[in-house]
Amino acid sequence: MKNAYVIEYLNDTKDCIEQENKQWDDYVVLGISSLQYIKTEYDETCYDRISSLYKIKELNSDNICNGSKELPFTTIRSYKGLESGHVILIVDSCQTAQKIEELYIGMTRAIIDLRILVLNL
């Protein structure tokens with residue numbers, strides 16, 4: 001999946017949440033740590049590109065429970081120990097033992113629904 005399709009999918013998800021009056025805090029977008037280093041065609045990291053989208057909030061300790069009408073986004077490792085009803089994982093296609101462990105952590109954060117978006121680099 002190319003970056004543009006990931007962004008389109010996230011925008012569609014945000015539209016669905018709004019149109020169907022779903023709870024924003026029931027969803028979370030988790031990216032594999034390497035997204036912080038993978039560059040897009042605009043010379044920014046994938047992580048920075050996603051966190052700059054409209055109605056996406058980068059989670060941190062100050063805003064994790066503030067109930068805003070934005071789609072939460074952070075790294076899988078940062079979300080370890082937490083869970084959400086609906087989890088969207090964004091991973092790259094490169095497989096290493098470390099990334100498989102991180103993928104497992106991300107997958108086990110989901111309670112109801114898990115979507116995995118794989119970036120082809």
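Asp43 counts as exposed because its relative accessibility is 59%, a value computed, like the others here, from a predicted model. Asp43 is placed in the loop between β1 and α2. Its phi is near 60°, a positive value in a residue other than glycine.

A positive phi is also found at Asn21, about 50°, although Asn21 is not a glycine. Asn21 belongs to the loop between α1 and β1, and its relative accessibility of 67% makes it exposed.

## Glu44 in the β1–α2 loop

Glu44 lies in the loop between β1 and α2. With a relative accessibility of 24%, Glu44 counts as partly exposed. Apart from its neighbours within four places in sequence, Glu44 is in contact with Ile38, Lys39 and Arg49. Glu44 and Asp113 are separated by 69 residues in sequence and by 30 Å in space, taken from C-alpha to C-alpha.

## The nonpolar core

The largest nonpolar core holds 30 residues, and those that touch the most other members are Val6, Leu10, Val29, Leu30, Leu35, Leu71 and Ile90. Two or more residues of this core come from each of α1 (3-19), β1 (27-31), α2 (46-51), β3 (71-75), β4 (84-92) and β5. The element that gives the most is β4, with five residues. In soluble globular proteins, nonpolar side chains tend to be buried together.

The surroundings of Leu71 can be listed in detail. Leaving aside neighbours within four places in sequence, Leu71 is in contact with Leu10, Thr13, Lys14, Ile17, Trp24, Tyr27, Val29, Lys55, Ile56 and Lys57.

## Helix α3

Helix α3 spans residues 97-107, and its buried residues are Lys99, Glu102, Ile105 and Gly106. Viewed down the helix axis, these buried residues fall within an arc of 115°, so they line one face of α3. An α-helix has 3.6 residues a turn, so residues three or four places apart point the same way.

The buried residues of α3 pack against β1, β4 and β5. Ala97 and Tyr104, on the other side of α3, are exposed.

## Salt bridges

Six salt bridges are found in a search of the whole structure. One of them joins Glu18 and Lys55, whose closest N and O atoms are 2.5 Å apart. Glu18 is partly exposed, having a relative accessible area of 38%, whereas Lys55 counts as buried because its relative accessibility is 17%, and the cut-off for burial is under 20%.

Glu20 and Lys22 meet through their side chains in another salt bridge, with an N to O distance of 3.1 Å. Glu20 is partly exposed at 49% relative accessibility, and Lys22 is partly exposed at 33%. Asp113 forms a salt bridge with Arg115, with the closest N and O atoms 3.3 Å apart. The relative accessible area is 23% for Asp113, which is partly exposed, and 39% for Arg115, which is also partly exposed.

## A nonpolar surface patch

Met107, Ile116 and Val118 make a nonpolar surface patch of about 220 Å². Ile116 lies in strand β5, which covers residues 110-119. Ile116 is partly exposed because its relative accessible area is 40%, a value between the limits of 20% for buried and 50% for exposed residues.

Definitions and conventions: Residues numbered from 1 in each chain as written. Predicted model: local features only at pLDDT ≥ 70, side-chain atom pairs only at ≥ 80, totals over all residues. Heavy atoms only, no water. Patch = residues over 30% accessible without salt bridge, like charges linked within 9 Å, V, L, I, M, F, W, Y side chains within 5 Å. Areas by Shrake-Rupley, 256 points an atom, 1.4 Å probe, with all protein chains shown as cover. Salt bridge = Lys/Arg side-chain N within 4 Å of Asp/Glu carboxyl O. Helix = DSSP H or I, 4+ residues; strand = E, 2+ residues; numbered from the N terminus. Buried < 20%, exposed > 50% of the residue type's maximum accessible area, 1.4 Å probe, protein only. Core = buried A, V, L, I, M, F, W, Y, C linked by side-chain atoms within 4.5 Å. Contact = heavy atoms within 4.5 Å. Arc of directions from axis to C-beta.
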